[in-house]
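Biologist: Hi! Could you walk me through the sheet in this one?
Modeller: Happy to, here it is.

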There are 2 protein chains.
Amino acid sequence: MAETRFDVVGIGNAIVDVLAHADDGFLAEHALAKGAMTLVDPVTANRLYAHMGPAVECSGGSAANTIAGLASLGGAGAFVGKVCDDQLGDVFRHDIRALGVTFDTPPLRDGAPTARSLILVTPDAQRTMQTCLGASAELAPGDIDPDIIAAARFTYLEGYLWDPPKAKEAYLKAATVAHDTGRMVSLSLSDPFCVERHRAEFLDLLEDHVDVLFANEAEITSLYREDTFDAALQRVRGHCRIAALTRGEKGSVVVSGDETHVIDAEPVDRVVDTTGAGDAYAAGFLYGLTHGFGLAACARIGGIAAAEVIGHVGARPDTSLKRLVARKLG
Amino acid sequence: MAETRFDVVGIGNAIVDVLAHADDGFLAEHALAKGAMTLVDPVTANRLYAHMGPAVECSGGSAANTIAGLASLGGAGAFVGKVCDDQLGDVFRHDIRALGVTFDTPPLRDGAPTARSLILVTPDAQRTMQTCLGASAELAPGDIDPDIIAAARFTYLEGYLWDPPKAKEAYLKAATVAHDTGRMVSLSLSDPFCVERHRAEFLDLLEDHVDVLFANEAEITSLYREDTFDAALQRVRGHCRIAALTRGEKGSVVVSGDETHVIDAEPVDRVVDTTGAGDAYAAGFLYGLTHGFGLAACARIGGIAAAEVIGHVGARPDTSLKRLVARKLG
C-alpha cells in the first residue's frame, strides 16, 4: 500500500453560503421547512433572495466545511466538487486553497452558475437552507481522480451528493477506488429530509461501503424509522465499523462493535448560528482518527470544533482549531 | 421648495468587501500601508487575494455603508454608485435594497467587474484596504438623477470619489443640483492618503460646496498640514457650516460657528474590526441632523452607531441601530 498524502479527501457540493438573519414569521410566510436543507430552482432562489435581508457570503458546502475544519486542525485535506468559472466560483476556490487544501476539480465553463445556499439564521440560532445546486450538480465520475482517492486515508462523502444523479455515480466510483486501494470511506447523512429521499440506498451503502458514519439524532432515527435515539443506536451498531452520532447540547455517542462512548457537549458561551456544527464535528473526529487518538478523544475534538463554529455566524472556523484543541486538551 | 423623499442620498463607490484576518507580518511582507485604503489594479488585487487567508464577502463602500447605517436607524436613504451586471453586483444591489434604500443606478454591462476591496483585519482591529475600483470608477455625470438629489435633504459624498476622474464630475454635478434646489451637501474626507492626493481640491470644495464635513484626526491634520488636532480644529471652524471630527477612542469634536461639543466615545466590549467606524458615525450624525436633534446628540448617535460596527467583523450594522439608539438614549 502506497503512502498517503492526505488525511481526508472530501467529496461534496461546492457551495457559497449566503447568510442572513430572519425570524420565524419570515420562514412561515415563505413556507420554509425550518432546520432543513431544501433544494430550490434558480427562479425560486432569486425570489427568496429578493425578500431576504442584507446578507454575508462565505464559502460553504457540507463536506467542504469538514475539510476546511480538518485543515484548521492541522490535517492534510483535499476536496473534490464542482464550481462554475464565475465570481462565486473564484471565492470558493480562494477560500479552500487559502487553508492549504488541495482543490483541483476543473470548473464548469459557460454552464450553470456556482451553487448558492440561502441560509436563514433565526434568533434561536437554527439555520434553514434553500440550496440552488447549479454547477455543483454537474460533478461527474470523470471528476474523480483515482490517484487522489488512493492518496487519502479517508474518502469523506456528504449525503447531499445523492440528490444530483451524476454526483452519486461519482461517489460510488470514489468509494470503490478507496476500498480497492485499502483506504477507508466515511459518510455523513447530512439532513433528515435527505435521508427520507434516499433511505434504501443509504442502508445498502452502510452494508457495503461505509467504515465511519456521521449522523445526528434526527437523521439516524429517520434512517432506521425508529422513534427513539436508543433504538436507532442499537440498530446502527455493527452496521458500519464506527458510527458517531451527534445530539446537539446532549453531546455525542460513538459506537464501534462492543465499544460505546457517551461524550458531553463542549460548553459554548452563546450559540449564534448552528450552520456547520455537524461538519465541524466530523472534521474533529476524522482528525482524531487519522492522528492516533482513541474514539472518546475523537468525539471530544469533534465537540470542540463544533462549539467554535456555532459561536459565530458562518459554517467554518473563525480561529485556529489546532491552537484551540491544544489548549482544551491540555 | 418641494418636499423631500429622502433624508440623505449617498454617492460613492459601490464596493463588495472581501474581509480576512492577517497579521502585521503579512502587511510588511506585501508592503501594505497599514490603516490606509490603497487603489490597486486587478493584477495586483488578484496576486494579493491569492495570498490572503479565507475571507467573508459583505457589501461595503464608504458612502454606501453610511446610507445602510442611516436606514438601520430608520432614516430614508438613497444611494448612487456603479456596479457591473455580475454576481458581486447582484450582491451589492440586494444588500442595500434589502435595507429599504433606493438604489437605481443602472449597472455597467460587459465592462469592468464590480469593485472589490480586499480588507485585511489585523489583531489590533485595524483595517488595511486594497481596492480595485472596477465598475465603480465608471460612475459618470449621466448617473446623477437631479430629481433624486433635489428630493434629499442631504447629498453625502465620500472623498474617495476624487480618485476616478469621471466620478468627480458626477459629484460636482450633484453638489450643484443640491445647492440650486436648496439642499445641503456633506463630505467625508475618507482617508488621509486620499487627502494627500486631493488636498487643494478638497480645500476649494470646503469653501464653496460643503455644509457638513466629516473627518478623522489624521485626515483633518493632513488637510491643513497641521501637527496637532487642536490646530486643525481652529482652521476648520468657519470653513464649513458644521465639522464633525472623529478621534477613535477619544470620541468626537463638533464645531459649528462659535459652538463646540466634545463628546466621549461610546464604550465597546471588544473592538473587533474598525472597518466602517467613520461611515457609521456619519450615518448617526446625519440621522440626528435630519431628525431634529442638536449637535451634541447627533455626535452621540454617531458614536453609538460606530461602537456597534466596530464590535464585529464587517462595516455595516449587525443589529437594528434604531432599537439600539432608542435604548441608549433612553
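Modeller: What follows is a short chat about the strands and how they pair.

Modeller: First, this is a predicted model, where local features need pLDDT of at least 70, side-chain atom pairs count only at pLDDT 80 or more, and totals for chains, interfaces and linings use all residues. Residues are numbered from 1 along each chain as its sequence is written, while chains are lettered from A and ligands numbered from 1 in the order in which they are written.

Biologist: Thanks! In what order do the nine strands run in the open sheet?
Modeller: In chain A the order is β6-β5-β1-β9-β10-β11-β12-β13-β14, with mixed pairing. Strands here are DSSP runs (E, at least two residues), numbered from the N terminus, and two of them pair if DSSP finds at least two bridges between them.

Biologist: Which are the edge strands?
Modeller: β6 (102-103) and β14 (259-263) of chain A, each of which pairs on one side only.

Biologist: How do β12 and β13 of chain A pair?
Modeller: β12 (residues 242-246) and β13 (residues 252-256) are antiparallel, over four bridges. A:Ala244 sits opposite A:Val254, and A:Ala243 has A:Val255 as its bridge partner. Five residues lie between the strands in their hairpin, where A:Gly248 has a positive phi near 60°.

Biologist: And on to β14(A), how many bridges join it to β13(A)?
Modeller: Five, again in the antiparallel sense. A:Val253 faces A:Val262 in β14(A). That hairpin has two residues between the strands, and A:Gly257 takes a positive phi near 55°.

Biologist: Switching topic: how many residues of β13(A) are buried?
Modeller: Four of its five, so the strand is mostly covered; buried means that 20 or more other C-beta atoms, placed from the backbone, lie within 10 Å of a residue's own.

Notes: Buried ≥ 20, exposed ≤ 12 C-beta atoms within 10 Å, placed from the backbone.
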